[in-house]
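Keep the sequence and the 3D view side by side while reading.

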Amino acid sequence: MNTKFAITKKGLLLLASGVAIMCLGFVLMAGPAVKDPAVFNEAMFSFRRTVLAPILIIAGLGIDIFAIMFKPKKEE
């Protein structure tokens with residue numbers, strides 16, 4: 001009976017770091033609450049929300065895909 005896990009400890013750490021980076025991207029995308037919804041707020045088109053946060057989310061997804069596909073080298 002084989003009792004080895006399909007994903008290694010290093011892969012789990014990579015997976016957790018990818019999820020953490022994605023969470024950071026979602027937090028950066030959210031921003032503060034609007035005081036008056038009838039007033040247009042130019043801050044919703046800031047660099048942080050339109051460029052940085054999506055890049056972090058996509059990078060986190062890429063890290064997660066790599067972590068799932070990661071195969072450690074054979075130890076001799």
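Helices here are DSSP runs of at least four residues, numbered from the N terminus. The model itself is predicted.

Helix α2 covers residues 47–69, and V51 is found in it. V51 also belongs to a nonpolar surface patch. F47, L52 and I55 are the other members. Together the four residues make a patch of about 360 Å². How accessible is V51? Its relative accessibility is 33%, so V51 counts as partly exposed. A residue needs over 30% relative accessible area to be part of a patch.

**A buried arginine**

R49 also has its place in helix α2. This residue is buried, yet it has no salt bridge. Which side chain of opposite charge is nearest to R49? That is E42, and E42 is 11 Å away. A salt bridge would need a nitrogen and a carboxyl oxygen within 4 Å.

Helix α1 spans residues 9–30 and holds G25. G25 has a relative accessible area of 0%, so it is buried. The cut-off for buried is under 20%. Which residues does G25 contact, leaving aside neighbours within four places in sequence? They are A53, L56 and I57. G25 and I55 lie 30 residues apart in sequence. In space, their C-alpha atoms are 7.7 Å apart. I55 is one of the patch residues named above.

**Aromatic pairs**

A pair of aromatic rings is described by the distance of the centres and the angle of the planes. The structure holds 2 aromatic pairs. The table lists them.

| Pair | Centre to centre | Angle between planes | Type |
|---|---|---|---|
| F40 and F45 | 6.1 Å | 35° | tilted |
| F66 and F70 | 5.7 Å | 50° | tilted |

Planes under 30 degrees apart would count as stacked, and those over 60 as edge-to-face. The F66 and F70 planes are at 50°, so this pair is tilted.

F45 is partly exposed, with a relative accessible area of 49%. F66 counts as partly exposed at 47% relative accessibility. F70 counts as partly exposed at 22%.

Terms used: Residues are numbered from 1 along each chain as its sequence is written. This is a predicted model: local features need pLDDT of at least 70, side-chain atom pairs count only at pLDDT 80 or more; totals for chains, interfaces and linings use all residues. Side-chain values use heavy atoms; hydrogens and water are left out. Patches are made of residues with over 30% relative accessible area and no salt bridge: like charges are joined within 9 Å, nonpolar side chains (Val, Leu, Ile, Met, Phe, Trp, Tyr) within 5 Å. Accessible areas come from the Shrake-Rupley method with a 1.4 Å probe; for residues, only the protein chains shown count as cover. Helices (H or I, at least four residues) and strands (E, at least two) are DSSP runs, numbered from the N terminus. Buried means under 20% relative accessible area, exposed over 50%, partly exposed in between (1.4 Å probe, protein chains only). Lys and Arg count as positive and Asp and Glu as negative; His and the chain ends are not counted. Rings of Phe, Tyr and Trp (its six-membered ring) pair if their centres lie within 6.5 Å; planes under 30 degrees apart count as stacked, over 60 as edge-to-face and the rest as tilted. Contact means heavy atoms within 4.5 Å.
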